[in-house]
Amino acid sequence: MITKKTAVVTGASSGMGRIFARKLDATKKYDEIWLIARNREKLEKTADELSSKVRIIQADLTKEEGIKKYKEMLISQSPSVTALVNAAGFGFFGDSLKMDPDKLALMVELNCKALMNMTYATLPYMKAGAEIYQFASRAAFQPVPFISVYSATKAFVLSFSRSLNVELASRKIKVMALCPAWVQTEFFDTAVLDKSISYYDKIYDPEKIVSKAMKDMSRSRDISIYGFTNLSTIVISKILPHRLFMKMWCGQQKIDPGKERP
């Protein structure tokens, strides 16, 4: 049986996942590209944009049966996964007192647990030269009021990815965390609960973020940061005490943390 070079992309039905699928397809490196998301109709639209052979896996990765379905596909096909892109995830911003705890828990399940499960399920099928792209965020570098749970999930992704990159160095498998800022995708359609977040310093082109990430991976970097404003904010967050950084953030959003909000 010929082992097929395979790229696996989660969250491939829209946004960054969909763009990543197109970019990987354009390299002509893969015998197959596996597209994973919940919405089959949207996955089929992504598949129509690709020239490579495609396998569509309709699965909810927050559920045990979703991960099980993926594992069964790995066992039956025994691919050589040369690229894994964990792009599935979502954000939820606003006043914590107004948020649905179940939705916050689901965000932790998808942004953290599903990403971890996908990574460990795939690793046995990866060889030297394989690449893992994990979606973190600029918010991973500091606590962010009114984006508190989201930023915490991305801090997990950043820490997990960088440490795993060191662990897998002997196997010559590279792991990189993408840390974009605000990106012009469907992300905002579901992320914004109220008007707590009103200031967006700069919104970036997702195509350029993905292109930069692929270039950074070829340079064996464990973090990919696109954009001068984004990089500057991350550098400042490392220098300033978190208490002061959060105060500055609230000031940008015109929020007085000590004042009761309606």
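Ser 78 is partly exposed, with a relative accessible area of 35%, where buried means under 20% relative accessible area, exposed over 50% and partly exposed in between (1.4 Å probe, protein chains only). Ser 78 sits in the loop between H3 and strand E4 (80-86), the helices (H or I, at least four residues) and strands (E, at least two) being DSSP runs numbered from the N terminus. Although Ser 78 is a residue other than glycine, its phi is positive, near 45°. This is a predicted model, in which local features need pLDDT of at least 70 and side-chain atom pairs count only at pLDDT 80 or more, while totals for chains, interfaces and linings use all residues. Residues are numbered from 1 along each chain as its sequence is written, and side-chain values use heavy atoms, with hydrogens and water left out.

Lys 28, which is not a glycine either, has a positive phi of about 60°. Lys 28 belongs to the loop between H1 and E2 and is exposed, with a relative accessible area of 59%. Most residues other than glycine have a negative phi.

## The buried side of helix H2

Within helix H2 (residues 40-48), the residues Leu 43, Thr 46 and Ala 47 are buried. These residues lie on the same side of H2 because they cover an arc of only 100° around the axis, the arc being that of the directions from the helix axis to the C-beta atoms. The exposed residues Glu 41 and Asp 48 are carried by the face of H2 turned away from its buried side. The cover over the buried residues of H2 includes helix H1 (15-26), E2 and strand E3 (53-58), where contact means heavy atoms within 4.5 Å.

## Aromatic pairs

A pair of aromatic rings is described by the distance of the centres and the angle of the planes. Rings of Phe, Tyr and Trp (its six-membered ring) pair if their centres lie within 6.5 Å, and planes under 30 degrees apart count as stacked, over 60 as edge-to-face and the rest as tilted. By this rule the count comes to six aromatic pairs. One of them is the edge-to-face pair of Trp 34 and Tyr 70, with 6.3 Å centre to centre and 85° between the planes. This pair links distant parts of the chain, with Trp 34 in strand E2 (residues 32-37) and Tyr 70 in helix H3 (residues 64-77), 36 residues apart. Trp 34 is buried at a relative accessible area of 0%, and Tyr 70 also counts as buried, at 1% relative accessibility.

The pair of Phe 156 and Phe 160 is stacked, because the ring centres are 5.7 Å apart and the planes are at 10°. Phe 156 and Phe 160 are four residues apart in helix H5 (residues 148-167), and are therefore separated by about one helical turn. Phe 156 counts as partly exposed at 33% relative accessibility, whereas Phe 160 is buried, with a relative accessible area of 11%. Elsewhere, Phe 20, Tyr 133 and Phe 135 form one aromatic cluster.

## The cavity

A search of the whole structure finds one cavity of 30 Å³ or more, a cavity being a set of points on a 1 Å grid over the protein atoms alone where a 1.4 Å probe fits but cannot get out. The largest cavity holds about 30 Å³ of space, with grid points joined across faces, edges and corners and the volume taken as the space filled by probe spheres set on the points.

Leu 178, Cys 179, Pro 180, Ile 209, Ser 224, Ile 225 and Tyr 226 line the largest cavity, lining residues having an atom within 4 Å of a point. This lining divides into six nonpolar residues, one polar and no charged, where Ala, Val, Leu, Ile, Met, Phe, Trp, Tyr, Cys and Pro count as nonpolar, Asp, Glu, Lys and Arg as charged, and the others, Gly among them, as polar.

Technical notes
1 Å grid on protein atoms, 1.4 Å probe; cavity = no way out; pocket = protein on both sides within 12 Å on 5 of 7 lines; lining within 4 Å.
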